[in-house]
Amino acid sequence: MAYWRVPLDIKKVEVPHGNVHIDKEQCKGCKFCVEYCPRDVLEMSAEFNRKGYHYPVVLKQGACVNCNLCEMICPDFSIFVMEGKPRNPEADEIIDRKDNQ
Amino acid sequence: MSNSKGQILSNKLEIPKSDELKHPMEGYLREERFPHIWCSTCGIGTVLTGFITGLQKSGLDREKVAVVSGIGCSGRAAGYLRLDSFHSTHGRAIPFATGLALGNPELKVVVISGDGDIAAIGGNHFIHAARRNMNLTVICINNFNYAMTGGQAGPTTPEEANASTAPFGCYEYPFNLPFLAESSGAIYVARWTSLHIRRVSNSISEALLKPGFSFIEVIAPCPTLYARRNRLGSGLDLMKFYHDSAIIDHNADTRDIDIGYQDRITIGKFVDKDKPTFLENKDNFLKKKLGDKFIQYTGQNWE
C-alpha cells in the first residue's frame, strides 16, 4: 500500500523485520515462497542447486516483515525467518512517487 | 535448535549465533532423513509444517504426543517427525492409534494419513473410531487419488477426473469426508487446503486440545499424478486454483460440501461440539454398574 504524503507519526511506527535464511540444497524449486511472499522479497535463482532445481534468493534485503508465511508454506523445510530488530520505515518506502507527479 | 536428544533448547524467536543457525522446526524433524521423498510442489510437506506449528502452539508436552500413519505418500509423515511415531500397515493407522490411546490414556494420539488410507482401506475403522468418540486427532491429507502406487482412482476421486484406472474419467460418486465424519459422530470436523496453512495450523492446535475424535481434512496438490493426468499444471497452479475457488464457510451444512472436479471447494470449521469420550463413558458406566468393585484404569495399573 502506498501513501501520497509522509504520515505524521512515521517516527513512532515500527515495522517488524525478519532475516530470511534459505537452505538451497534442500529446496525443490516449487516457487510457493516466491509466489506467496506478501512483500515480494524473494525471486528464483538463475543457478541450480545440487539436485538441479532453481532455488529462491533474497531480492529485496530488508523488506521482509517477519510474517513467516514462506517458512510455513515451504513443503521442503528449506526456508525460515529469524526475527530481526524492528525499524522505522523510511519515507521513500511508503510513498508512491509516481502518483504524486 | 536442539540437543542430541531432540529437545528444544531455546525459543525460536531468539537470534542464534551465525554458526549454529538452524531451522526452528529442526528439533521436531528427523533431519538425517531429509530431503524427504515427496515430489516438488507436493502439499504434504506444507501440511507437516502446519502440524508442527500447531503442536508448538498447542503447548502439549512432546513426550505425551504420538503420531501414527498408514501407507501412502502421507504415511511417510510419521517417519520424518522426531516424536513417538509409528508407520503402520495399510488402512490400520486408526486401529493402532486406538490401541495406543486406550493403552496409555495420557497420550494424545495423532493420525496423519492419506485419503486412500483413511477413507478406502481404513474406512470402516474411521467410522467406528468416530462412533466411539475415541480420543484421537485424525489429519487426512486428501490428494484425490492413490498417488504412491501410480494414480489409481480412489474413494475421493471426483467424477470426471482422470486416473490411471479410470482413463476416460471417473464415474463413481466420491466420499464427502466431513459429512462422513460428522454423521459418524466426530466432535470436531474441519476442511482446509494446503494453501490455508495458518488456518490448518490453528485448526490442528485446537483439535489437539479437544478430548475426543477430531477430524481435519486437508486438500493437497498431487503434481505428479492427479495434476499431470488431468493436465492441471504443477502444484503451484493447483495452489492458485485453491486460492480462486476455495470458499470459507464455517456454518456450511456438511451435506452440501461435496467436491466436484475442479469445482468450488467449501472449507472451514464445520463441527465443534463437546461429547464424553469413549474412556469417560466406559468409566462412568462401569462405576455406576460395579460400584465399589470398579478400579479405574490409568495406564499404569494394568497388572
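User: T46(B): buried or exposed?
Analyst: Buried, because its relative accessibility is 0% and the cut-off for buried is under 20%. Keep in mind that this is a predicted model.

User: Where is T46(B) placed?
Analyst: In helix α1 of chain B, residues 44-58.

User: And what is T46(B) in contact with, leaving aside neighbours within four places in sequence?
Analyst: From chain A: F32(A), M72(A), I73(A), C74(A) and P75(A). From chain B: S194(B) and I197(B).

User: Switching to rings. How many aromatic pairs over all chains?
Analyst: Eight. One of them is F77(A) with F34(B), an edge-to-face pair. Centre to centre they are 5.5 Å apart, with 85° between the planes.

User: Which parts does that pair of F77(A) and F34(B) join?
Analyst: Two chains, since F77(A) lies in the loop between α2 (69-73) and β4 (79-83) of chain A, and F34(B) lies in the segment before α1 of chain B. Both residues are buried.

User: What about W38(B) and Y80(B)?
Analyst: Also an aromatic pair, edge-to-face, at 5.2 Å centre to centre and 80° between the planes. W38(B) is in the segment before α1 of chain B and Y80(B) is in helix α2 (residues 77-80), so the pair ties together parts 42 residues apart in sequence.

User: Are those two buried or exposed: W38(B) and Y80(B)?
Analyst: W38(B) is buried at 3% relative accessibility. Y80(B) is buried too, at 5%.

User: Which cluster do F77(A), F34(B), W38(B) and Y80(B) form?
Analyst: One aromatic cluster, with the four of them in it.

User: Last one. What lies over the face of Y28(B)?
Analyst: R62(B), at 4.4 Å from the ring centre.

Methods: Residues are numbered from 1 along each chain as its sequence is written. Chains are lettered from A and ligands numbered from 1 in the order in which they are written. This is a predicted model: local features need pLDDT of at least 70, side-chain atom pairs count only at pLDDT 80 or more; totals for chains, interfaces and linings use all residues. Side-chain values use heavy atoms; hydrogens and water are left out. Helices (H or I, at least four residues) and strands (E, at least two) are DSSP runs, numbered from the N terminus. Buried means under 20% relative accessible area, exposed over 50%, partly exposed in between (1.4 Å probe, protein chains only). Contact means heavy atoms within 4.5 Å. Rings of Phe, Tyr and Trp (its six-membered ring) pair if their centres lie within 6.5 Å; planes under 30 degrees apart count as stacked, over 60 as edge-to-face and the rest as tilted. A charge sits over a ring if NZ of Lys or CZ of Arg is within 6 Å of the ring centre and within 35 degrees of the ring normal.
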